[in-house]
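This note is set out as numbered points for a colleague who is new to the structure. Please read each point beside the sequence and the model.

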Amino acid sequence: MNEAMVTGRMSAQKKKQGARALKRSGLSASEAINLLYDRIITEGTDWLTGPSMPSETRWHQAANFVDSLSKPRESRFDAMSKAEIKRDRLTSKGLM
């Protein structure tokens, strides 16, 4: 697959705040941008910049979309107790 770089400009403060929000959601900037482009490709941009929508409505919809990007990361440790996780890790290192 050929890959291309996407570059955007924003304030340093916005970048920091966005990076923190993405980190809380378990997403990287590249993953979020790919999800954004996927939605633009499938749905167009009216949901983001609809001409007849008031600015406040557009911002609300954009915020809802960004919030919908969160996807919980699943781990084999999710169903384990702390003791089970510790035992599993020690066993995998050959210490048990």
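1. Two salt bridges are counted, a salt bridge being a side-chain nitrogen of Lys or Arg within 4 Å of a carboxyl oxygen of Asp or Glu. The model is a predicted one, in which local features need pLDDT of at least 70 and side-chain atom pairs count only at pLDDT 80 or more, while totals for chains, interfaces and linings use all residues. Residues are numbered from 1 along each chain as its sequence is written, and side-chain values use heavy atoms, with hydrogens and water left out.

2. Arg 39 is partly exposed at 22% relative accessibility, and Glu 43 is partly exposed at 48%. Here buried means under 20% relative accessible area, exposed over 50%, and partly exposed in between (1.4 Å probe, protein chains only).

3. The other salt bridge is formed by Asp 88 and Arg 76, whose closest N and O atoms are 2.8 Å apart. Asp 88 belongs to helix H5 (residues 82-92) and Arg 76 to the loop between H4 and H5, so the pair ties together parts twelve residues apart in sequence. Asp 88 is partly exposed, at 22% relative accessibility, whereas Arg 76 is exposed, at 55%.

4. Which residues make up the largest nonpolar core? Its six residues are Leu 22, Leu 27, Ala 32, Trp 47, Phe 65 and Leu 69. A nonpolar core is a set of buried Ala, Val, Leu, Ile, Met, Phe, Trp, Tyr and Cys residues joined through side-chain atoms within 4.5 Å. Leaving aside residues up to four places away in sequence, Leu 27 touches Leu 22, Leu 35, Leu 69, Ser 70, Lys 71 and Arg 73, contact meaning heavy atoms within 4.5 Å.

5. Leu 48 lies in helix H3 and is partly exposed, with 27% relative accessibility. With residues up to four places away in sequence not counted, Leu 48 touches Arg 58 and Ala 62. The C-alpha atoms of Leu 48 and Tyr 37 are separated by 12 Å, the two residues being eleven apart along the chain.

Terms used. Helices (H or I, at least four residues) and strands (E, at least two) are DSSP runs, numbered from the N terminus.
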